[in-house]
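Biologist: I'd like to walk through this one with you, a step at a time. Shall we take a look?

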Amino acid sequence: MKIINIKQILVLGTALLALQACSNDDDVTDQMPPMEEEIDFSGTFSQVDHMGRPGINTVLSANATIKNSHNTTIPSAMQAAFQADFEARLEGLHDAYAVALGLTPADVDYQPNILGDILNGPEPTSESNPNPVTATVLTSVLADDVLEVAPDAPTIYFNPGSGAPNFEGAIGLTGRQLSDDVIDISLILLFGGESGARFNGQDGLPQLVTDGVSLTANLSSSFPYVGAPE
């Protein structure tokens with residue numbers, strides 16, 4: 001009887017050891033790091049879009065063909081390929097607003113913009129001291145859809161400083177902060193004229209220098225800078 005009990009104990013002990021061994025194997029398997037998937041970079045890649053300055057391509061491309069072509073052009077070739085189209089579109093938009101207002105299109109052209117007054121400093125623009133930011137100059141800059149960064153200046157898409165007429169502390173196009181309202185700034189540069197306030201909805205004129213949408217995103221100060229969903 002004792003022998004049987006001893007045999008049973010040995011059998012039971014062997015079975016427990018076997019189960020324990022199986023359990024350990026499973027634990028080891030669970031603790032193994034997952035196999036890293038290798039990213040396949042082979043093949044031929046195609047550029048389908050870029051966005052140095054949001055909204056510029058959308059506003060200044062007269063049709064889908066120009067817009068799609070701009071999206072697939074490298075920056076070094078953009079200015080030569082699209083500046084003329086962008087300038088024509090900018091003037092065409094002013095003509096359209098003139099017609100909507102019952103005015104003569106030739107009387108409502110792009111007006112050299114607020115950046116010119118900033119560059120001129122306290123010296124007022126005049127025939128002898130013209131505003132340098134003509135439609136050609138502006139669309140030459142905007143046709144290159146890249147985001148410039150100034151390493152020795154504050155990062156900002158645009159800040160008019162104290163505003164007209166002296167623009168004390170004004171700075172622009174030195175980079176972009178997440179909180180910068182790039183659409184409103186772009187509209188000011190395109191339609192705001194020398195003071196930035198042209199077409200601001202006053203005196204019966206249309207409101208073209210803002211889209212009326214404020215920042216609604218919940219931002220974070222750390223990468224990837226996306227806040228918690230609201």
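Biologist: Which element gives the largest share of the lining of the second largest pocket?

Modeller: Keep in mind that this is a predicted model. Helix H5 (114–120), H6 and strand S2 (171–172) each supply at least two residues of the lining of the second largest pocket. The largest share is four residues, and it comes from H6.

Biologist: What is the volume of that second largest pocket, and which residues lie nearest its centre?

Modeller: The second largest pocket holds about 180 Å³ of space. It has 14 lining residues. Nearest its centre are Leu115, Leu119, Val133, Val141 and Leu173.

Biologist: Which residues line the largest cavity?

Modeller: A quick word on the idea: rolling a probe the size of a water molecule over the atoms shows where empty space is left. The count here is one cavity of 30 Å³ or more, and the largest cavity has a volume of about 50 Å³. By class, its lining has five nonpolar residues, one polar and one charged. The lining is made up of Arg53, Ile56, Leu142, Tyr157, Leu173, Ser186 and Leu189.

Biologist: And the largest pocket: which residues are closest to its centre?

Modeller: The largest pocket has about 250 Å³ of space. Of the 13 residues lining the largest pocket, five are named as closest to its centre: Asp180, Asp181, Val182, Ser214 and Leu215.

Biologist: How many charged residues are in the lining of the largest pocket?

Modeller: Sort this lining by class too. Seven residues of the lining of the largest pocket are nonpolar and two are polar. The charged ones number four.

Biologist: Is the crossing of H4 and H6 left-handed or right-handed, and how many charged residues are in their contact?

Modeller: The crossing of H4 and H6 is right-handed. On the H4 side the contact includes Met78, Phe82 and Glu87, and on the H6 side Leu138, Thr139 and Leu142. By class, the contact of H4 with H6 has eight nonpolar and five polar residues, and the charged count is two.

Biologist: What about H3 and H4: are they roughly parallel or antiparallel?

Modeller: The axes of helix H3 (residues 64–71) and H4 come within 11 Å, and they cross at roughly 155 degrees. Angles over 145 degrees count as roughly antiparallel. That is why H3 and H4 are roughly antiparallel.

Biologist: Which residues of H4 does H3 meet?

Modeller: H3 passes H4 in a left-handed crossing. From H3, the residues taking part are Ile66, Ser69 and His70. Their partners in H4 are Met78, Phe82, Asp85 and Phe86.

Biologist: Is the peptide bond from Phe223 to Pro224 cis or trans?

Modeller: Pro224 is in the segment after H7. Omega for the bond from Phe223 to Pro224 is near 5 degrees. The bond is cis.

Biologist: One more: leaving aside neighbours within four places in sequence, which residues is Gly227 in contact with?

Modeller: Gly227 is in the segment after helix H7 (182–191). Its C-alpha atom is separated by 7.8 Å from that of Ala217, 10 residues apart along the chain. With those sequence neighbours left aside, the contacts of Gly227 are Asn218, Leu219 and Ser220.

Notes: Residues are numbered from 1 along each chain as its sequence is written. This is a predicted model: local features need pLDDT of at least 70, side-chain atom pairs count only at pLDDT 80 or more; totals for chains, interfaces and linings use all residues. Side-chain values use heavy atoms; hydrogens and water are left out. A crossing is left-handed if the near helix is turned anticlockwise from the far one by less than a right angle, and right-handed if clockwise. Contact means heavy atoms within 4.5 Å. Ala, Val, Leu, Ile, Met, Phe, Trp, Tyr, Cys and Pro count as nonpolar, Asp, Glu, Lys and Arg as charged, and the others, Gly among them, as polar. On a 1 Å grid over the protein atoms alone, a cavity is a set of points where a 1.4 Å probe fits but cannot get out, and a pocket is an open set with protein on both sides within 12 Å along at least five of seven lines; lining residues have an atom within 4 Å of a point. Grid points are joined across faces, edges and corners, and a volume is the space filled by probe spheres set on the points. Axes are lines fitted to C-alpha atoms, for helices over the stretch in contact, and angles run from 0 to 180 degrees between N-to-C directions. Angles under 35 degrees count as roughly parallel, over 145 as roughly antiparallel, 65 to 115 as roughly perpendicular and the rest as oblique.
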